[in-house]
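Subject: Handing over the structure we talked about

Dear colleague,

Please find the structure below, and keep it open while you read the notes that follow.

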Amino acid sequence: MPPPHLEVVRMVEQGDTVMAELVGSVRRDTGEEMRMSMAEVFVMRDGRIAERRAWVIELKENDHR
């Protein structure tokens, strides 16, 4: 399976927290393409990632729903 194709929509930084919004697509085992919207939140401490949270939402209708 090839790796997913991801594009960064925006990144926001506040204090020690960084958030990235992404959109992308990936091929499933069946060959079908899954489109998705994602968010990654990182809490940094001493220049390293101390915490990570991530969400993936499958897009079924269009790029916003």
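What percentage of the 65 residues in the protein do buried residues make up? They make up 22%, where buried means under 20% relative accessible area, exposed means over 50%, and partly exposed lies in between (1.4 Å probe, protein chains only).

Before going further, please note that this is a predicted model, in which local features need pLDDT of at least 70 and side-chain atom pairs count only at pLDDT 80 or more, while totals for chains, interfaces and linings use all residues. Residues are numbered from 1 along each chain as its sequence is written, and side-chain values use heavy atoms, with hydrogens and water left out.

The overall picture

The secondary structure consists of zero helices and four strands, where helices (H or I, at least four residues) and strands (E, at least two) are DSSP runs numbered from the N terminus. Read along the sequence, the pattern is therefore β-β-β-β. The radius of gyration of the protein is 14 Å, well over the 11 Å that the globule rule gives for 65 residues, so the protein is more spread out than a compact globule; this radius is taken over C-alpha atoms, and the rule is 2.2 Å times the number of residues to the power 0.38. Along its principal axes, the C-alpha trace spans about 45 × 25 × 15 Å. The protein exposes about 5,300 Å², of which carbon and sulfur atoms supply 50%, with accessible areas coming from the Shrake-Rupley method with a 1.4 Å probe, and for residues only the protein chains shown counting as cover. Of the contacts with a separation of 6 or more, 20% are between residues 24 or more positions apart, a contact meaning heavy atoms within 4.5 Å.

Strands β2 (17–27) and β3 (residues 33–45) pair in the antiparallel sense over 11 bridges, and two strands are said to pair if DSSP finds at least two bridges between them. Here M19 has V41 in β3 as its bridge partner. The two strands form a hairpin with five residues between them, and G31 in the turn has a positive phi of about 95°.

On to the next pair: β3 is also joined by 11 bridges to β4 (residues 48–59), and these strands run antiparallel. Their hairpin has two residues between the strands, with D46 in the turn showing a positive phi of about 55°. Across this pairing, F42 stands opposite R52 in β4, and M44 has I49 in β4 as its bridge partner.

A buried glutamate

Leaving aside residues up to four places away in sequence, E40 touches V18, M19, A20, L22, R52, R53 and A54.

Salt bridges

The structure holds seven salt bridges, each being a side-chain nitrogen of Lys or Arg within 4 Å of a carboxyl oxygen of Asp or Glu. In one of them the side chains of E58 and R28 meet at 2.7 Å, N to O. This pair links distant parts of the chain, since E58 is in strand β4 and R28 is in the loop between β2 and β3, 30 residues apart. E58 counts as partly exposed at 33% relative accessibility, and R28 is partly exposed too, with a relative accessible area of 32%. R28, E32, E58 and K60 are linked in a network of salt bridges.

E51 forms a salt bridge with R45, the closest N and O atoms being 3.1 Å apart, and another with R53, where the closest N and O atoms are 3.1 Å apart. E51 is partly exposed at 27% relative accessibility, while the relative accessible area is 45% for R45 and 41% for R53.
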